[in-house]
Amino acid sequence: MQLEAQGYNIIVNHINLTNNKLPAGNFTLKPVIQRKVGRLDNQENGYAIELSVTIENTEETAFPLNLDASITGIFLFNQGTEEERIEYLNYEGVRIVFPYLRTLVANVTASSLMPSVMLPLISPSDFKQDNVMQMKKPA
């Protein structure tokens, strides 16, 4: 049996953007993306996946802005075990919700009269066991 969600909703939790007013230059984008998955308390068949991204200007990695954004996908299932549903969200949920987060970040940064920040494409397998994915240094 192939598990499918009965339906889903996307909710923007928050987005915070700070312009660090750095002079023009070449910057390396090193976002930290986190995933949280779980069952909703108030719905028997409801589950959620929250994806969040943090981009910070640090001494090691200068970046012209600080950004923190979070988006949640609420999924309803009418079949499958809890384990199957969680596994679905860990993989298919990421594939469904991440494009919304990526678009949100790109649109908000572009609307802020800054160069648009386009998050790199990711795969659900990029997340470690602790549900955190940090971009590797470019080769």
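Let's start with F75, which counts as buried because its relative accessibility is 0%. Keep in mind that this is a predicted model. F75 has a ring partner in Y8: the two are stacked, 5.3 Å centre to centre with 25° between the planes. What does this pair link? It ties together distant parts of the chain, with Y8 in strand 1 and F75 in strand 4 (residues 65–76), 67 residues apart. Y8 itself is partly exposed, at 37% relative accessibility. Both rings also belong to one aromatic cluster, made up of Y8, Y47, F75, F77 and Y88.

Now look at another pair, F27 and F63. Their ring centres sit 6.2 Å apart and the planes meet at 70°, so this one is edge-to-face. Here too distant parts of the chain are linked: F27 is in the loop between strand 1 and strand 2, F63 in the loop between strand 3 (46–55) and strand 4, 36 residues apart. F63 is buried, with a relative accessible area of 8%, whereas F27 is partly exposed at 30%. Searching the whole structure turns up five aromatic pairs.

On to the backbone. Most residues other than glycine have a negative phi. K21, though, has a positive phi near 50°. You'll find K21 in the loop between strand 1 (7–19) and strand 2 (32–39), and at 69% relative accessibility it counts as exposed. L113 also has a positive phi, about 60°, without being a glycine. L113 is in the loop between helix 1 and strand 5 (132–134) and is exposed, at 82%.

Last stop: E87, in helix 1 (residues 82–111). E87 is partly exposed, at 49%, and its C-alpha is 9.9 Å from that of L3, 84 residues apart along the chain.

Notes. Residues numbered from 1 in each chain as written. Predicted model: local features only at pLDDT ≥ 70, side-chain atom pairs only at ≥ 80, totals over all residues. Heavy atoms only, no water. Helix = DSSP H or I, 4+ residues; strand = E, 2+ residues; numbered from the N terminus. Buried < 20%, exposed > 50% of the residue type's maximum accessible area, 1.4 Å probe, protein only. Phe/Tyr/Trp six-rings, centres within 6.5 Å; stacked < 30°, edge-to-face > 60°.
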